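Please open the model in your viewer and keep the selection tool at hand. The tour goes from the whole chain to single residues, and each stop says what to select.

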Amino acid sequence: MKDKDLTSIKTLSQSTRPYPNTPRLASQPSRVGPKYFSSNILPDDDNMDDLPMTPIPDPLSPEPLQSPPDTPTPAPRQILAPPPPDDLVTMQEFRMTSSEESPVVGAAQNGLAESIHAPSNSADQTMTVLDCPTSLHIPTPEEEIILAHLALASKNRAVLSHDGPNHSIVLPQFTPTPIGGFPRVHMSHSAQIFDHLDNKVLLAWFQVDHPKFMIRVFDHTGKDIFERAAVIAERVRASINTVANFVHQGAPPVRVSPPQPQGGRNSKDFPVGYLVHNVSEETKELILGQRIWSAADITYEALPFNCSQTPELLFCLSGFTTSDTTIIRKTVADVWAKDENRGFINDIFSMSEICEEELVYKATRDLIRSIRVEHLDFKVTGGLSVPRFNIFAVSPSNDAKTWTDLRGFLHILDYPTDLDGCGAAVALSPCPICHSLAHPRGLCPFPSVPKWNGPTVGFRTAINAPRQPGRMRNGKPGRNI
């Protein structure tokens, strides 16, 4: 047999892997290398064909190998394997932390991961295992606070996504809302905006779909509105279109329906309210929220299409020699609280929707406590001051007949004092500027509003200003313009 160099490829392969197909127990130490198999054990390349073929046992049923009797027992040796890559370490840690993994599944996964055919991706991210929360977890105080805030998260988002109730839109064409709001306009009754309106027109307005609302034009009498209905309606429509296009770009044209008096042209009394419709709900709410819209060419008050609240203005008293509102308020409260007067007030409330006796007594007490007095500095010829006092109160009942009977009874009473005269109700006339019954034209509070664009005490709206003669032509006055 020829000596073979250990450096030959075949000898090196056989020395490092002596029996590749021979099964070996997992507990049996590996025996590889020339230490255990000398070079003269393997046959030469030329004599390989002469060797008898040894059958290879079935790898599915391995049997333990018996070492020859003269084979020396090798000393145990630990072979250091190269450290696995980082991604393999991560996968091993992942398998170690999963205590619920089945041994069979784990072995299959290990075999697949260690197989040479398993795909590898060096760019894989590190996997971590998070402990699943259990239903038995008791939240800590900090966690309870977090959960409480999360439960109200949608409500808080909704609050911040809407304007506040006192938010107002400032458009340069209109007078901005002053601090505290615009002055109140006090009417004689809840449905005054529909006064003197033709019944057929009123029925047609009832049948118009919502959203809709009413407007009352400042500084225009009912006769002015009747004679210039088309011009006023067009100005109102252009004004509301400005607001509607601010709310929704490209909003459809607003419709404004002028009133028609009961009895036609020869009627003695004329309505002053216009119906506004074909608007969006957002436009309606914005216009009703600001209520007063004053521009250079038109000023109006927007009112809802209903009679939900009774007026607070009951009547105006004159005849006192004092201007102290505290004395006047006490006088009015004492008169209403007299036994006979209180009993009559109780009877009026008992015939309304307030039926229970205790609630009737409470309604009378609330009415007396709600009394409010406003001083008016009236002056007569010569500049002499004659004080008058508007009496306001909040009715506990919104019933139309109840409120009418109540004010009618309180209106006829006398209001005497010991030292300051006796007051009695006087007639009220509407303000030509705002139509309120609470003051005359000279005491109208609207011209004092900052940046007021509407009519003032000495000047009327341009459409109502007296027409001036035209220019002189050849020494003769021209036509009126």
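What follows is a walk through the model, one selection at a time.

**The whole chain.** This is a predicted model, in which local features need pLDDT of at least 70 and side-chain atom pairs count only at pLDDT 80 or more, while totals for chains, interfaces and linings use all residues. Residues are numbered from 1 along each chain as its sequence is written, and side-chain values use heavy atoms, with hydrogens and water left out. Show the cartoon, and you will have 13 helices and 12 strands before you; helices (H or I, at least four residues) and strands (E, at least two) are DSSP runs, numbered from the N terminus. Of the 481 residues, 31% count as buried, where buried means under 20% relative accessible area, exposed over 50%, and partly exposed in between, with a 1.4 Å probe and protein chains only.

**Confidence.** Colour the chain by pLDDT, which is the predictor's confidence in each residue, from 0 to 100. The mean for the protein is 77, and 65% of its residues reach 70 or more. Now select residues 87-108, where pLDDT stays under 50, and then residues 464-481, where the pLDDT is also below 50. Where pLDDT is low, the predicted coordinates should not be read in detail.

**The largest core.** Which residues touch the most other members of the largest nonpolar core? Select Phe 315, Val 332, Trp 336, Ile 345, Ile 391, Leu 410 and Tyr 415, which do so among its 28 residues; a nonpolar core is a set of buried Ala, Val, Leu, Ile, Met, Phe, Trp, Tyr and Cys residues joined through side-chain atoms within 4.5 Å. The elements that give two or more residues to this core include β6 (313-320), α10 (325-337) and β8 (385-392), and α10 supplies the largest share, 5 residues. Stay on Phe 315: leaving aside neighbours within four places in sequence, its contacts (heavy atoms within 4.5 Å) include Trp 336, Phe 389, Leu 410 and Ala 425. A second, separate core of 26 residues includes Val 217, Ala 229, Val 236 and Ile 240.

**Aromatic rings.** Rings of Phe, Tyr and Trp (its six-membered ring) pair if their centres lie within 6.5 Å, and planes under 30 degrees apart count as stacked, over 60 as edge-to-face and the rest as tilted. Select Phe 206 and Phe 305, an edge-to-face pair at 6.1 Å centre to centre with 90° between the planes. Phe 206 is in helix α6 (residues 199-206) and Phe 305 in the loop between β5 (299-304) and β6, 99 residues apart. Then move to Phe 446 and Trp 452, whose ring centres are 5.5 Å apart and whose planes meet at 40°, so the pair is tilted.

**Backbone details.** Most residues other than glycine have a negative phi, and most peptide bonds are trans. Select His 210 and Pro 211, which are joined by a cis peptide bond with omega about 0°; Pro 211 lies in the loop between α6 and β1 (212-217). Finish at Asp 219, which has a positive phi of about 60° although it is not a glycine. Is Asp 219 buried or exposed? Asp 219 is buried, with a relative accessible area of 0%.
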